[in-house]
Structures are given as structure tokens and as C-alpha cells.
Amino acid sequence: MHPTAITRRSIFAQAWPIMLGQTTVPLVGIVDTAVIGRTGDAAALAGVALGATIVNFLFWSFGFLRMGMTGMTAQAGGADDTAEVDALLVRGLGIGLAVGFVLFALQLVLIPLALAVFAGGGAVHAAAGPFIAARFFGAPAGLAVFAINGWLLGLGRTRAALALQIVMNLANAALDILFVWHWHMGARGVGLGTSSAEWIALGTGLWLVRPNLHALKDRARLVDRDALRRLFAVNGDIMIRTIALLVLFSWFANAGARLGATPLAANQVLMQAVGLVAFILDGFAFTAESRVGHALGAGSRKTLLRAIRLTAEFSLGVAILSGVLIALLGAPSIRLLVVDSGVRDQAIALLPLVVILPLIGFPAWLLDGIFIGATQGRALRNAAIVSTGLYIVTDLALRPWGATGIWLALLASYAYRAGALGWHLPALLRRVAHD
């Protein structure tokens with residue numbers, strides 16, 4: 001139940017499985033981009049980019065199933081409340097499955113509405129629609145997997161989380177290739193590959209947590225009013241926070257769509273590098289979630305401060321290394337992945353802005369982990385709303401700069417979010433008395 005003592009070795013031991021597992025997430029996106037990109041169809045690539053943005057907006061609106069679950073599970077573990085740890089798993093699974101089936105049932109309304117909101121044009125929308133419909137098939141499984149992942153991370157069971165992530169993402173990549181290259185299903189094939197992999201992951205996840213599902217028998221604890229009240233209070237704030245950030249990234253995608261299919265496709269290619277860096281650094285952010293939550297559950301200020309300091313040290317080092325690797329490997333990778341010369345040239349021209357993104361972005365990612373572990377939903381909510389509002393203002397001001405302005409505004413958004421969360425950090429530290 002308890003993570004090991006906080007040393008650099010133990011932090012890295014907990015973080016590396018997350019880093020490895022998270023690395024496979026954007027790698028699947030890179031496979032998606034390559035599978036469609038190698039067909040030479042810029043409209044299909046842009047359609048997948050737009051469709052992925054819409055699906056991520058809808059699905060990650062319920063990202064509290066991962067984030068809230070991690071913080072609350074870690075705190076219950078720190079307090080040695082084993083029964084509540086198991087009850088949290090079952091509650092999360094039930095909410096994820098229920099919300100997923102509701103989304104699946106509402107797709108006939110949600111898909112046309114979403115496409116009406118986002119710019120893109122006829123050819124892009126024609127590719128995005130089937131992709132989104134295929135992704136809705138996996139909604140119940142995908143949201144339930146959010147809960148399982150969050151629960152495993154909260155307990156520091158990062159190797160089990162790694163196994164689950166690898167199963168899902170390898171299945172995703174293999175099925176995408178099968179559906180698109182072998183059966184020529186285009187953008188719809190990418191969506192079907194992902195949704196099928198989500199159901200495979202749910203089966204794997206249920207097998208991994210099967211000893212803890214006995215909480216299904218304890219109905220009184222599952223519907224405990226105080227526990228449910230706290231669950232919905234924390235998750236409500238995290239949901240607003242997540243929606244605010246999804247608005248930010250959807251605005252970013254839409255800004256590229258306004259400039260045409262080529263800039264939108266170029267942004268999709270570059271966002272694979274951004275995603276790769278973010279997911280690697282999530283190894284330390286997720287470790288901070290678990291360690292901070294456990295320290296707060298145990299009431300240890302010393303452990304809390306050491307968890308923050310050590311995860312920050314690792315995050316800075318990896319951010320510097322990531323920038324160097326993007327500078328060295330970015331252009332050759334783009335030439336390998338993309339056939340369309342217009343998309344390729346635009347992506348390479350914007351690459352220098354992606355090189356500096358890890359250094360600007362890592363404080364925001366780490367602070368997210370700290371506040372998620374502390375279940376400080378209100379601070380997360382407020383910081384996300386402020387940073388999104390300032391980002392939109394910045395993007396509008398930089399519109400005359402075209403694609404460069406779009407990326408400069410995105411860089412600024414990370415600085416805004418880190419500043420807003422940093423403002424709340426002293427209050428968080430005051431919650432724990434000196435020990």
C-alpha cells in the first residue's frame with residue numbers, strides 16, 4: 001500500500017514504467033500520422049487531426065476518472081484505509097462505463113454538433129466524421145480504463161499501469177495498420193483501431209485488478225454519502241479544469257484549421273513531438289501525484305517537500321534533454337513521416353518553437369501533478385480557466401503572425417498555467433504542519 005522511501009532511486013524506479021508506458025501513447029499517434037501521411041492524402045491526415053481533437057475534447061472532459069482517482073487513492077493509501085482504496089476502484093469503473101455508454105448513445109447528436117463548431121471544410125469533415133463515429137464505439141471501455149489507470153498510479157503500481165498501457169497502445173498501432181493499409185479503411189480505420197484497442201485494454205485492466213473487485217459486495221461503502229460527496233466535489237472541479245484546457249487545445253487546432261488543411265496537418269505532425277515530451281515528463285508528474293497524495297494522507301510535510309523537490313529535479317533534466325533531441329531529430333523524422341511537401345516544409349519551419357517548448361512546459365505539467373495528488377480541484381480549476389482565457393487573448397493578438405503566432409500563443413499558455421498554479425503553492429504547503 002505504501003510507496004517506498006523517497007530517494008532519487010525510488011522516484012526514478014516509480015517513474016520509469018510510467019515514462020515507458022506513456023511514450024507508447026504518442027508513438028501510436030505517430031503511427032496514426034504515418035499510416036495516413038504515407039497515403040499522401042492531406043485531407044485525410046487533417047481529418048484525423050480534427051477528429052482526434054473532437055474526441056479528446058469529449059472523452060477527456062471526463063479525465064477526472066484518471067486524475068481524481070489517482071489523488072484520492074493515494075491519500076486513502078497514505079491513511080491506511082484499504083477498504084476505501086478498493087471502493088474507489090469500483091466507483092470509478094461504474095462511472096466510467098456509465099458515462100461511456102451515454103456518449104455512445106448520443107453520438108448522432110454530438111458528432112454533427114462538434115463538426116459544426118470546428119472549422120475544416122468539406123474534405124476534412126468528410127474524413128473526420130467516420131473517424132469520430134468509430135472512436136465512440138470504444139467510449140465505455142476507454143473511460144473505464146481511465147479509472148483503472150488512475151487507481152494503479154495512486155497506489156504506485158506503475159509496472160501494472162505500464163503493462164496495461166503497452167497492451168492498449170501496441171494493439172492500437174497494429175490494428176490501425178491493419179485497417180488502413182490492408183483493408184484501406186482510411187480515417188475510419190484509424191478510429192476503429194483505437195476503439196478496438198480500448199476494449200482489449202479494459203479486459204486486461206480488469207484482470208490486473210481482479211483481487212480488489214470484492215468491494216462490489218460492500219454496497220454500503222460504495223454508496224457512502226460522505227465519500228460520494230467528496231468524489232463529486234473534487235471531480236467536478238477537475239472536470240471544469242479539464243474542459244478549460246480542452247477548450248485551449250481545441251482553439252489551437254481550430255486556429256490551424258482556419259489557415260487551411262496544410263497548416264492543420266503540419267500542426268498535427270508537430271503535436272506528436274509535443275505529446276511525446278509531455279507524456280515522458282508525465283512520468284514524474286504522475287509520480288508526484290502519488291507521492292504528494294500519500295504524504296498528505298500520512299500528514300508528513302517533510303515527505304511532501306522532498307517529493308516536490310526530487311520530481312522537479314528530474315523534470316528539469318528531462319526537459320533539457322528533450323529539447324536537444326527534438327533539435328537533432330525533428331526534421332529527419334518529419335521527412336520520414338510525411339510525403340506531402342507542403343505539410344513537411346511547414347512543419348520543419350515551425351520546429352524551432354517546438355524545441356523550446358519542453359523547458360517552458362515542464363513547470364506546468366509538474367505542478368498539475370502536485371495539485372492533482374493533493375486533490376486541490378479548486379486551484380486546478382482556477383489556474384486552467386485563467387490560463388485558457390489569457391491564451392485566447394494572446395492568440396487573437398498574434399493572428400497577424402499566422403502559423404508562428406499560433407505556436408507562440410501555445411507556448412505562452414504553459415507559462416500562464418505554471419504561474420497560476422505557482423500562486424496557489426504556498427497555501428498547499430501550509431496545509432501540512434511541520435513534522
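Reply: Asparagine 212 is in contact with Asp86, Leu89, Trp151 and Arg157, leaving aside its neighbours within four places in sequence. Contact here means heavy atoms within 4.5 Å. This is a predicted model, where local features need pLDDT of at least 70, side-chain atom pairs count only at pLDDT 80 or more, and totals for chains, interfaces and linings use all residues. Residues are numbered from 1 along each chain as its sequence is written, and side-chain values use heavy atoms, with hydrogens and water left out.

Asparagine 212 sits in the loop between H9 and helix H10 (219-222). Helices are DSSP runs of H or I with at least four residues, strands are runs of E with at least two, and both are numbered from the N terminus. Asparagine 212 has 16% relative accessibility, so it counts as buried. Buried means under 20% relative accessible area, exposed over 50%, and partly exposed in between, with a 1.4 Å probe and protein chains only. Aspartate 86 is 126 residues away from asparagine 212 along the chain, yet their C-alpha atoms are separated by 5.6 Å.

The axes of H9 (residues 186-208) and H7 (residues 139-154) come within 8 Å and cross at roughly 40 degrees. That makes H7 oblique to H9. Axes are lines fitted to C-alpha atoms, for helices over the stretch in contact, and angles run from 0 to 180 degrees between N-to-C directions. Under 35 degrees is roughly parallel, over 145 roughly antiparallel, 65 to 115 roughly perpendicular, and the rest oblique. On the H7 side the contact includes Pro140, Val145 and Ile148; on the H9 side it includes Glu198, Trp199 and Leu206. By class, the H7 contact with H9 has 10 nonpolar, two polar and one charged residues. Ala, Val, Leu, Ile, Met, Phe, Trp, Tyr, Cys and Pro count as nonpolar; Asp, Glu, Lys and Arg as charged; the others, Gly among them, as polar.

Arginine 135 belongs to helix H6 (residues 122-136). Its relative accessible area is 9%, so arginine 135 is buried. Beyond its neighbours within four places in sequence, arginine 135 is in contact with Val55, Phe59, Gly191, Thr194, Ser195 and Glu198.

Isoleucine 18 lies in helix H1 (residues 8-37). At 6% relative accessible area, isoleucine 18 is buried too. Isoleucine 18 is 267 residues from alanine 285 in sequence, but 9.7 Å from it in space, C-alpha to C-alpha. With neighbours within four places left aside, isoleucine 18 is in contact with Leu153, Thr158, Asp282, Gly283, Phe286 and Thr287.

Further along, helix H13 (residues 301-337) and helix H14 (residues 341-355) pack at about 175 degrees, with axes 10 Å apart. They are therefore roughly antiparallel to each other. Among the residues making this contact are Ile326 and Arg335 of H13, and Arg344 and Leu351 of H14. The H13 contact with H14 has nine nonpolar, two polar and two charged residues by class.

Aspartate 80 is not a glycine, but its phi is positive, near 60 degrees. Aspartate 80 lies in the loop between helix H3 (64-78) and helix H4 (82-105). Threonine 375 is not a glycine either, and its phi is positive at about 50 degrees. Threonine 375 is in the loop between helix H15 (357-373) and helix H16 (377-397).
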